[in-house]
Structure formats: C-alpha cells, structure tokens
Amino acid sequence: MQAIVGAENVLTTLADRTVYECDGYTLAKTRPDVVVFPQSTEQIVAIVRACRELNLPFLPRGAGTSLAGGCVPVGGGVLIALARMKRILEINIRDRYAVVEPGVVNVWLTNALKPFGYHYAPDPSSQGACTIGGNVATNSGGPHTLKYGVTVNHILGVELVLPDGRVITCGGPVEDTPGYDLTGVIVGSEGTFGIVSKVWVRLTPNPQAYRTLLGVFDSIDDATNTISAIIGAGIIPAALEMLDRTMIRAVEAAFHFGFPLDAEAVVIMEVDGLEAGLQEEADRMEAIARAHHAREVRKASTEAERALLWKARKQAFGTIGRLGYPSYCTQDGVVPRTRLPEIMRFILTTAQKYHLGICNVFHAGDGNIHPILMFDERDPDQVQRVLAASHEILAECIRLGGSVTGEHGIGVEKIDFMPLMFTPDDLHYMVRLRSAFNPQNCCSPGKMLPTAGGCAEGHTVLQTKPARRAAV
C-alpha cells in the first residue's frame, strides 16, 4: 500500500486504526488491518487489485458520519479512506452540473456555487461534515428533500472502480442516457458494488424567495395532523421539520432562540420559489396550522431569522448533552405521513415501557422519523433496553406500511430487518444483482444483505456498548 500511495498516506499503528473501527453507529466495531488514502482513481485501482491478489476484503469510507455501520470493516482488511479526494473538478453553470471527487464535503459544493446563484439540493443535517461519496452510498436525504428529492434525484452519473479493478462510467453530464439506469442502481448500494471515484451532480437554481414559519403546538397529534393536512391541501413545502418538547428544551438551553418551553411540539414550515404567489402559500400553511390548534405561528421576517430557525434544526442533535444523559442512540424509520400520530404515540409508549428518555426531531413532511433514545451506556441493562426498544420501534414502522430506514441505510445495524421487509425471492435477486458487480463479495462484505460468503466468510463484527452517535 505504501508503494501505491506513499508512506504518508497509509495508517498501520493500533491507535490510528482504532479511529476507523466504526462510523456514527458505535455499537458495531472492527478495526481495519490498514487504512489507505488514495488521491486518484488510478491509486484506487491499484489498491483494489492488490487486495484481490491477496484475497483481502476492502471497503470505502467517507467522513464516517453514517449511522448504520456502513463503514465498519467487517472481517478487517483494507479500509480505503476517500477523504483526500476532495477536489471540485468542474462547475458547468450553463449545463447545470458539477463534477466532484467523492471526498468533497456536501456544504463545500453549495458554498462554491453561491456566487453563481445555484446550490446542490440534498442537504443532510450533517452536511458540514458528510461527503458527496457518502451521500451517494446511502442515498442521503435531508430537510429540503421533501420538495427537491433525495440524492439519487441529483446524481447524473458516477465513475465506479469495480472490485476486480476495472473502471466504468455510468451516466454523465446529460439528463438521460439510453439503457438501464445503472446510476440509480449504484446510488444507495452502500459501497457493495464498488468504489465511487467521481460524481456528476445536478445543480439547482436558488429559489427567488422563501417564507419560513414556526408553528407552536400543545400536542404532538395536532402538529403531525397539521403536516398531513398541508400536504393534503396540495401545497408542496420545501421542508416540514418537527421538534418535540424534550428536543425544544435542549435546543433552547444551547442557543436561547426563545422557543416556548411549555409547547409539546414545534414545526418548521418552509415554502420557496418565485416571489409571486409565495405569500399566498405561506398564508395557507398558517391557516391550516391554526385550524389544527396551533397556539402561535411565528414568521421569519429576515434571512437572519430564517438562518436561526434552521440552525435550531440542523444543530439539534448536538444539544442533547444539555439533557443530562451521557449516551444516546438515534433511529431512522419511515411511515406514511398519515400514520405519524400513531408512530409517535408508539414511540412514547415504548420509551415508557423500557424506562428510557426519548426525544424526537425529524423530517415530518416525508414521514422520516428520528427517535433519539437517551440512556447511560455504562449500565448494561440500559443498553439492552435501548436495543429492545429500537427493535420494537422499527418493527412498528414496518407494520404501519413503512421502512426501517429513510436515509441512514441498512449497513450492519439493520440486516436482521431485511427478511421482514422482503421475501426470499426479493433477497435472492438482490444478491444476484450485487454479484453482477461484486461476484466475490470482497468489496464491503457483510453489509445490507443477510448473506455470508466471499472474503467476509467466517468473520464477525465485535459488538460493543452503544456510545454517543453522530447525527444527520
């Protein structure tokens, strides 16, 4: 590896490798045997070919902000860290695309586009740290994907290093290409098809104007019913984000926004687009909120006030330490919007059943929930209760017609749920699809699908106590 990338781009000491034993899902840990930092597609190819010759498993890693163990090196092997491939290779405003390397941090691209009046639409709450390559791997979401779509809707093409060392390009700068949508297959494959080394992304014009409101509610049911009613009225908000009472307390303690501490929930409601007609949409949203018993609707009258509201949402997870719990575990499920009141009641009941602290902040507009279970990881009993409660909440999401993940992916965390969501035939054909790209299962083994074999066979992931988890 040193011969390929130079000694300064290879980590081998125990201390250095321990840093890369997990991602934001700290429940599962395995140290890689070596960490390698390529800086070009050619170096990735050479690394992959060396791994094949030595019959070693390997996997890519971006910033490590993922929350399902997608970066855990099951079976050890070579961790290919892409953080140093961080160049924006091209910005083409005329044709509305950019070409970036996988280590480019999400917000870097949007900042680079500001002078042109464009942005990259997918905006995970971790966008200040997460990478475009990681977004591609997990098909990331974010608050504004309610209107603009998730990552796959903004990826025009990828360059992919296959597990045998060949390099292919799927898609490209044009809007559509003939044949099967291989780009769409690769986005969300969590690194199990190969290693993305270049990405063509779609650029979105900045909206002409925004209207951002904060609805204050005395019950979670009223808040979630407001969300369903807004969508049902034919309004397409840019975002609908909800924080519950416990989360409001944490955010207010950290930032002093002036949120009402006695409210059961607040909903950030935003519409954007052309100035003409935008106020009418905002007024309709306000009327719907008041019809569902909102006791107050605040309006961001300046860009600074809007920025503060979004700061409250995007930095919410970082404020949880204010609540006095040493550890927390974030879940990621999806239910139909109309079932939000039911799942919220179930989450509360489950937390009471297992005697756990809980708070909620989530993408309410598309039914993507993020219950945060708070506990003390030093107590083994609490750890087991958190795991049991998490399982019940995700199982209920399936029962209500939803999914166990909206944006965090399956990784190693949720493999056991795959047979609950898919039939044996479904899983069989998923394995066949993966095998078309990755026949030996040496690239990101032990991820997504409940199957063994290939380079990962016989290896296990060390199960450890859940600690503080990064958040998106």
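Reader: Which residues is Thr-319 in contact with, leaving aside its neighbours within four places in sequence?

Author: In this predicted model, Thr-319 is in contact with Met-247, Ala-250, Val-251, Ala-254 and Phe-255. Contact here means heavy atoms within 4.5 Å. Thr-319 itself sits in the loop between α11 (303–314) and β17 (327–330).

Reader: Why is Thr-319 called buried?

Author: Let's set the value against the cut-off. Buried means under 20% relative accessible area. Thr-319 has 3%, so it is buried.

Reader: And why does His-293 count as exposed?

Author: The cut-off for exposed is over 50%. His-293 has 52% relative accessibility, so it counts as exposed. This residue lies in the loop between α10 and β16 (296–299).

Reader: What makes the phi of His-293 worth a remark?

Author: Most residues other than glycine have a negative phi. The phi of His-293 is near 75°, a positive value in a residue other than glycine. Met-448 is another case, with phi near 70°.

Reader: Where is Met-448 found, and why does it count as buried?

Author: Met-448 is in the loop between α15 (424–437) and β22 (462–463). Its relative accessibility is 17%, and the limit for buried is under 20%, so Met-448 counts as buried.

Reader: How do you know that the reach of helix α8 is close to what is expected?

Author: Helix α8 covers residues 220–232, which is 13 residues. The expected span is 1.5 Å times one less than the number of residues. That gives 18 Å for α8, and the helix reaches 18 Å from its first C-alpha to its last. Just after α8, Gly-234 takes a positive phi of about 90°.

Reader: Which residues of α8 are buried, and what do they pack against?

Author: Asp-222, Ala-223, Thr-224, Thr-226, Ile-227, Ser-228 and Ile-230 are the buried ones. Their packing partners are the strands β13 (209–217), β14 (239–244) and β15 (265–273), together with the helices α10 (278–291) and α12 (340–353).

Reader: What makes the radius of gyration of the protein agree with a compact globule?

Author: For 472 residues, a compact globule would have a radius of gyration near 23 Å; the protein has 22 Å, so the two agree. Along the principal axes, the C-alpha atoms fill a box of roughly 65 × 60 × 45 Å. Buried residues make up 58% of the 472 residues.

Reader: How many helices and strands are there in the protein?

Author: The protein has 15 helices and 22 strands. Among contacts between residues at least 6 apart in sequence, 73% join residues at least 24 apart.

Methods
Residues are numbered from 1 along each chain as its sequence is written. This is a predicted model: local features need pLDDT of at least 70, side-chain atom pairs count only at pLDDT 80 or more; totals for chains, interfaces and linings use all residues. Side-chain values use heavy atoms; hydrogens and water are left out. Helices (H or I, at least four residues) and strands (E, at least two) are DSSP runs, numbered from the N terminus. Buried means under 20% relative accessible area, exposed over 50%, partly exposed in between (1.4 Å probe, protein chains only). The radius of gyration is taken over C-alpha atoms; the globule rule is 2.2 Å times the number of residues to the power 0.38.
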